[in-house]
Every structure is written in structure tokens, then in C-alpha cells.
Amino acid sequence: MKDLQQLVRENIWKLKPYSSARNEYSGHVARVFLDANENPFNVPYNRYPDPLQEELKAKLSKIKGVRKECIFLGNGSDEAIDLVYRCFCEPKRDNVVAIAPTYGMYGVCADINDVEYRKVLLNEHYQMNAEELLSACDENTKVIWLCSPNNPTGNDLSREEIVKVVTEFQGIVVIDEAYSDFSQQQTFRTSLEKFPNIIVLNTMSKAWGCAGLRLGMAFASKEIIDLFNKVKYPYNVNILTQEKALEVIGNLQKVHLWVNTILEERHRVIEAFALLPECEKIYPTASNFFLAKVTDAQAIYDYLVNEGIIVRNRTRIQLCENCLRVTIGTRSENNELIGALRMYNK
């Protein structure tokens, strides 16, 4: 990769970050807090949260197999996505390259930050071609966006093709592994030292069942994480989120049970869905959802909405014409879905 300073926006490289009250006495034991203009009552919620979430990162480090200083925690993965643009992409000048179809926030954040977003279509098997991605890059391409397992397609991208992109591209490669807990493919977060130009995203929203907490993770070299911490808002993860996340990660056995249950239900639901006359194809998935091509996605979607059942209509997404994306729910929710579809047109 290029030297990091060459990739970072000049103003960000020179930025002097905001110094929060909690950062200034770091390393010392304190008893009396009269520095941050906080209300002295309503303990503990009267105090600002740990700006770097040290306790939470220490525990996640053991679970994820990543050094604490190589972990960034944010307000959902979307904060980390936005920080990539703010740290590396000069508005109106730089561009990024992404697979298509994929998670929509990469493109939305590009538009917000006024950065050109170049799409490279996957093939008919929803797989990427490294050479095509690299050919879409030029001297102003700072970032390549990959998502594996991909959303909305559900499948793992070829690890061999990802490695080819990472090793040949001179900029930053973001690999979004939000759904990796449901996949058998080896995660890239354990390869940070081998590939210093990658940023790996993860989340508490999927396998951990904590979408409401809005806690996202980014794993990268210490130098990249330091940049994120310099640019982020000082207290970006509130104290309630940190407390609840510590509680959830303290019960890994329950999370593993949830994942295994979802995988079992995924197999059962896909088998039943495939037998429906409206189902034309179900694409391979390594996620907690599957993508299905149906006879008339809009009509079936509208019918399910009237039945009080919500799936995602992806028919307007490139390469997903007449496709529904179906999340795996509880056994009873899944039964309701299949039961309603069996009554469609009857």
C-alpha cells in the first residue's frame, strides 16, 4: 500500500483532535470529578462515558482475537463507514470503487461526503472479479468497498479474489463482515498484520442480537484506528450501550445458541420456500437471510404486507429483479411466512 500519509486527507492528517476531559487525566486514579461541568447527581448517568470504551474493547479483544488498540467502536457500523470517507476521501476529487449490488450505505455516505462512487457489477453467481474492480480504479481511487457475506445477495465473496484486490490495490480496502458469524469462511480481521491496508467491519446488530444498541466495530492497524479516534465525536458510544454490550458479550454461550438456531431455521425455511410455486430460485447464502427470485416480487411483497408480514423487496436493485430478501426469524415467525405464502393466490 501507499504510505498512510499519502492516503489520508491533508487536513485530517494535520488535525488536532478535541481533547475531552476524560482523556486528559488518563492513567491516573481519580475520586473527585470537577472538570467536565457535569451535574453531580444521578450517578452514574451524570458522567460522560469512557470516550475510548477501554473496558469493552479489552473484552472484545479476547473474543475477536484482535489487539485492543486495533479496535474502533462506533455508533453502528455506519459511523465507521462515514469515517472512512472523512479520513481518506477528498470531496469532489477522490473516488471509491464498490461491488454492486451491495449494502446501500456505502453509496449514501459517498453522496453525503461528495465523493464519486464507482460500481462494478458482480457476475450472475454474485461473485466479484478482482481485475474488473482494479480496472475501475485510477490515481484518485482511495477506497474499495467489499461486503462478505454480501448484502443483499447473502453469499460469501471468493476469498482468493478478495486477497488479490487487497494485495494489488495501493489504497484502503474495507471488508464488511457484518454477517461473518453465520459463515464458515475465515475472517479477515485475523490478518491485519499481513494486510495493513484493510479495514474490517463488524457489528453487534446481527449474531449478537443487539441492533437497538447501535454498536459497530472496525478492526484495522493501530495507525488507522488512531485516525478514526482523532476524527470521531468525543463521546460517540453512550454509557448505556457500553454497559449492555458488556452484559451481552459476557454470555457467549447464549449467542452461539442463537446463531446455531438461526442456521437450523435457515435450512428449514429455504427448503419450504423452494417448494412454493412462486419461487423460481434461491441463491446460496452464508448469512441470516436469503435472497429468492420469485414470479412477481412486488405483488408478493404487497400481499405479505397486507398479512402483517414484512420482508424486503429488492427488485429495484441491480441484478436483483423480482427478488425478495427474507430474514430468518423465530420458528413461529418463519411458520407464519411460509403459511401465508402457501395461501397466496388461493
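## Terms and model

Two strands pair if DSSP finds at least two bridges between them. Strands (E, at least two residues) and helices (H or I, at least four) are DSSP runs numbered from the N terminus. The model is predicted: local features need pLDDT of at least 70, side-chain atom pairs count only at pLDDT 80 or more, and totals for chains, interfaces and linings use all residues. Residues are numbered from 1 along each chain as its sequence is written, and side-chain values use heavy atoms, with hydrogens and water left out.

An open sheet is formed by four strands in the order 8-9-11-10, with antiparallel pairing. Strand 8 and strand 10 (312-313) are at the edges with a single partner strand each, so one side of each has no neighbour in the sheet.

Strand 9 pairs with strand 8 (residues 279-282) in the antiparallel sense over three bridges, and Cys279 has Val294 of strand 9 as its bridge partner. A hairpin of six residues joins strand 8 to strand 9. Strand 9 also pairs with strand 11 (residues 323-327), again in the antiparallel sense, over five bridges. Here Phe289 has Thr327 of strand 11 as its bridge partner, and Ala292 has Leu324.

Strand 9 (residues 289-294) is largely enclosed by the rest of the structure, because five of its six residues are buried. Buried stands for under 20% relative accessible area, exposed for over 50%, and partly exposed for values in between (1.4 Å probe, protein chains only).

Helix 12 (residues 297-306) lies across strand 9, strand 10 and strand 11, and runs at about 40° to strand 11. Axes are lines fitted to C-alpha atoms, for helices over the stretch in contact, and angles run from 0 to 180 degrees between N-to-C directions. Contact means heavy atoms within 4.5 Å.

## Helix 5 against helix 9

The axes of helix 5 (residues 76-88) and helix 9 (residues 222-231) come within 10 Å and cross at roughly 95°. The two helices are therefore roughly perpendicular to each other; angles of 65 to 115 degrees count as roughly perpendicular, under 35 as roughly parallel, over 145 as roughly antiparallel and the rest as oblique.

Helix 5 contributes Ala80, Leu83, Val84, Arg86, Cys87 and Phe88 to the contact, and helix 9 contributes Ile224, Leu227, Phe228 and Val231. These residues divide into nine nonpolar, no polar and one charged. Nonpolar covers Ala, Val, Leu, Ile, Met, Phe, Trp, Tyr, Cys and Pro; charged covers Asp, Glu, Lys and Arg; polar covers the others, Gly among them.

## Lys232

Lys232 sits in the loop between helix 9 and helix 10 (239-249) and is buried, with a relative accessible area of 7%. Leaving out residues up to four places away in sequence, Lys232 touches Pro51, Leu52, Phe72, Glu79 and Leu83. Lys232 and Cys87 are 145 residues apart in sequence and 9.9 Å apart in space, C-alpha to C-alpha.

The side chain of Lys232 reaches the backbone oxygen of Pro51 at 2.9 Å. A polar atom of this side chain also lies 2.8 Å from the backbone oxygen of Pro234.

## Thr102

Thr102 is in the loop between strand 2 (95-100) and helix 6 (105-112). Thr102 is buried, at a relative accessible area of 13%. Apart from neighbours within four places in sequence, Thr102 is in contact with Tyr117, Cys147, Asn150, Asn151 and Pro152.

The side chains of Thr102 and Asn150 make a polar contact (2.8 Å). A polar contact is a pair of N or O atoms within 3.5 Å; within protein, one must be able to donate a hydrogen and the other to accept it, and residues adjacent in sequence count only if both atoms are side-chain atoms.
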